[in-house]
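Reader: I would like to learn how to read the sheet and the nonpolar cores of a model such as the one shown here. Could you take me through them in turn?

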Amino acid sequence: MKQVYLFDWGDTLMVDDLSQPGHMKDWPEVAEVPGAASLLAAISQTAAVYVATGAENTSPELVQAAFKRTSLSSYITGYFCPDNVGFAKSSTQYYRTIATMLGVAANEITMVGDNLTRDVLPALEVGMKGVWFNPKQLENTLAVKEIYSLDELIGE
C-alpha cells in the first residue's frame, strides 16, 4: 500500500470560521487554508489522502459536502470523524481504528494537524508519523516535527 496521509479539517485544510453556526456545508462562504490545494495535488500523486476530523455532530457525508464546495475534494479518498470511527479524536483508539479500517500499519500513516494535543500527539502514540501544522509559530517544547506553511510538505 502506498503512503497514507490523514489531514485535520478545520484550520488545517479549510478555514474554521467559529462565528458561523451550523454545518460548514451550509455556510455562506467556505475557504481553503492557503497552500492546501497545491499540497493535496502534489501529495495525492503518490499517497492516499484522507480527512480525519474531530468535529462532533457531523458525519462523513456532511464533511464531504463541505469539501465539495472547494477544489480540495477531488484529492481526498475518504473522511473519518467520531461518527464513523466511534471514538473522540483526542483518543489513541481513534487513530488505531483508522489504521485498522484502512488495513495499514500505523507507521505507514502520517497525521497532519494544527492541534498538537488532539491531532499529533495521539497519532504519534500509536506509531504514526505526525506533523504539527503550526502557522502561528507557537512554542514547540516537545520537538515534534512542525511546519509553518502547508507548502513545506510538498516533496517530502
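**Sheet and cores**

Author: Four bridges join strand E4 (residues 109-113) to strand E5 (residues 129-133), and these two strands run parallel; Thr110 stands opposite Lys129 in E5. The model is predicted, so that local features need pLDDT of at least 70 and side-chain atom pairs count only at pLDDT 80 or more, while totals for chains, interfaces and linings use all residues. Residues are numbered from 1 along each chain as its sequence is written, and side-chain values use heavy atoms, with hydrogens and water left out.

Reader: In what order do the six strands of the open sheet lie?

Author: Strands of a sheet pair through backbone hydrogen bonds, either parallel or antiparallel. Here strands (DSSP runs of E, at least two residues, numbered from the N terminus) pair if DSSP finds at least two bridges between them, and the order is E3-E2-E1-E4-E5-E6, with parallel pairing. Strand E3 (78-80) and strand E6 (146-147) each have a single partner strand, so one side of each is left without a neighbour in the sheet.

Reader: Which residues touch the most other members of the largest nonpolar core?

Author: In soluble globular proteins, nonpolar side chains tend to be buried together. A nonpolar core is a set of buried (under 20% relative accessible area, 1.4 Å probe, protein chains only) Ala, Val, Leu, Ile, Met, Phe, Trp, Tyr and Cys residues joined through side-chain atoms within 4.5 Å. The largest has 27 residues, of which Phe7 and Phe67 touch the most other members. Helix H1 (36-43) is among the elements giving two or more residues to this core, and H1 gives the most, with four residues.

How values were computed: Buried means under 20% relative accessible area, exposed over 50%, partly exposed in between (1.4 Å probe, protein chains only).
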